[in-house]
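I would like to hear about its charged pairs, its surface and its backbone.

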Amino acid sequence: MTLETLAPAADLDADAFDESVLEALSADDYVFKVWGGDWCGDCQRQLPEFGAALAAAGVPDDRIEAFPVTKGPEGKEGELVDEYGVELIPTVVVESPDGEEVARFVEDEDVSIAEYLAGRLTDAEAAA
């Protein structure tokens, strides 16, 4: 199973994103772990733009891990759902190259996934 909604939106390129957002996403060889479902309205609305932001930032495919999620009788089901405590989707966990969680986006915020994570990554860089 694939996560087709993470495919970059065709109508968005680097000009659609603030340069600071792209710089934050591309810094430090972060790994992006994305849980979502092609059946999920929030994912359909948010993930194509996030995929476009990752592409515009030049994040290589080997640093983007997509985990399709299904609805089960006990909640969300899928690879690493329990290990990462994924209850709502989309969920995006950003990890450092050594596997430390640096930022997490869960379901919905007042800004896009890319903007939200860029803010958290910038804060993490400043605190380091």
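The model is predicted.

**Salt bridges**

Side chains of opposite charge can pair when their charged atoms come close. A search of the whole structure finds 5 such salt bridges. The table lists three of them, including the distance for each pair.

| Pair | N to O distance |
|---|---|
| E65 and K33 | 3.7 Å |
| K33 and E95 | 3.4 Å |
| E101 and R104 | 3.0 Å |

Start with K33 and E95, whose side chains meet in a salt bridge. K33 lies in strand β1 and E95 in strand β5 (residues 91–95), so this pair ties together parts that are 62 residues apart in sequence. Both residues, K33 and E95, are buried. For K33, the relative accessible area is 9%. That value is under 20%, so K33 counts as buried.

Now take the bridge between E65 and K33. It also links distant parts of the chain: E65 sits in strand β2 (residues 64–68) and K33 in strand β1 (residues 31–36), 32 residues apart. E65 is partly exposed, because its relative accessibility is 27%, which lies between the cut-offs of 20% and 50%.

Salt bridges that share partners join K33, E65 and E95 into one network.

**A patch of negative charge**

Which residues gather in a patch of negative charge on the surface? They are D18, E19, E23, E49 and E115. E115 belongs to helix α3, which spans residues 113–127. Its relative accessible area is 43%, so E115 counts as partly exposed.

L12 and T5 both come from the segment before α1. Helix α1 covers residues 19–26.

Is T5 buried or exposed? T5 is buried, because its relative accessibility is 11%, and buried means under 20%. Leaving out residues up to four places away in sequence, T5 touches G37, D38, C43, Q44, L47 and P48.

L12 is partly exposed, with a relative accessible area of 28%. Setting aside neighbours within four places in sequence, L12 is in contact with F17, E49 and A52. A52 shows how the chain folds back on L12: the two are 40 residues apart in sequence, yet 6.2 Å apart in space, C-alpha to C-alpha.

**Backbone details**

Where is the cis peptide bond from I89 to P90 placed? P90 lies in the loop between β4 (75–77) and β5. The bond from I89 to P90 has omega near 0°.

The loop between α1 and β1 holds D28 and D29. D28 has a positive phi of about 60°, although it is not a glycine. D29 has a positive phi as well, of about 55°, and is not a glycine either. What are the relative accessible areas of D28 and D29? D28 has 40% and is partly exposed. D29 has 49% and is also partly exposed.

Terms used: Residues numbered from 1 in each chain as written. Predicted model: local features only at pLDDT ≥ 70, side-chain atom pairs only at ≥ 80, totals over all residues. Heavy atoms only, no water. Patch = residues over 30% accessible without salt bridge, like charges linked within 9 Å, V, L, I, M, F, W, Y side chains within 5 Å. Areas by Shrake-Rupley, 256 points an atom, 1.4 Å probe, with all protein chains shown as cover. Salt bridge = Lys/Arg side-chain N within 4 Å of Asp/Glu carboxyl O. Lys, Arg positive; Asp, Glu negative; His and termini not counted. Charge placed at Lys NZ, Arg CZ, Asp CG, Glu CD. Helix = DSSP H or I, 4+ residues; strand = E, 2+ residues; numbered from the N terminus. Buried < 20%, exposed > 50% of the residue type's maximum accessible area, 1.4 Å probe, protein only. Contact = heavy atoms within 4.5 Å.
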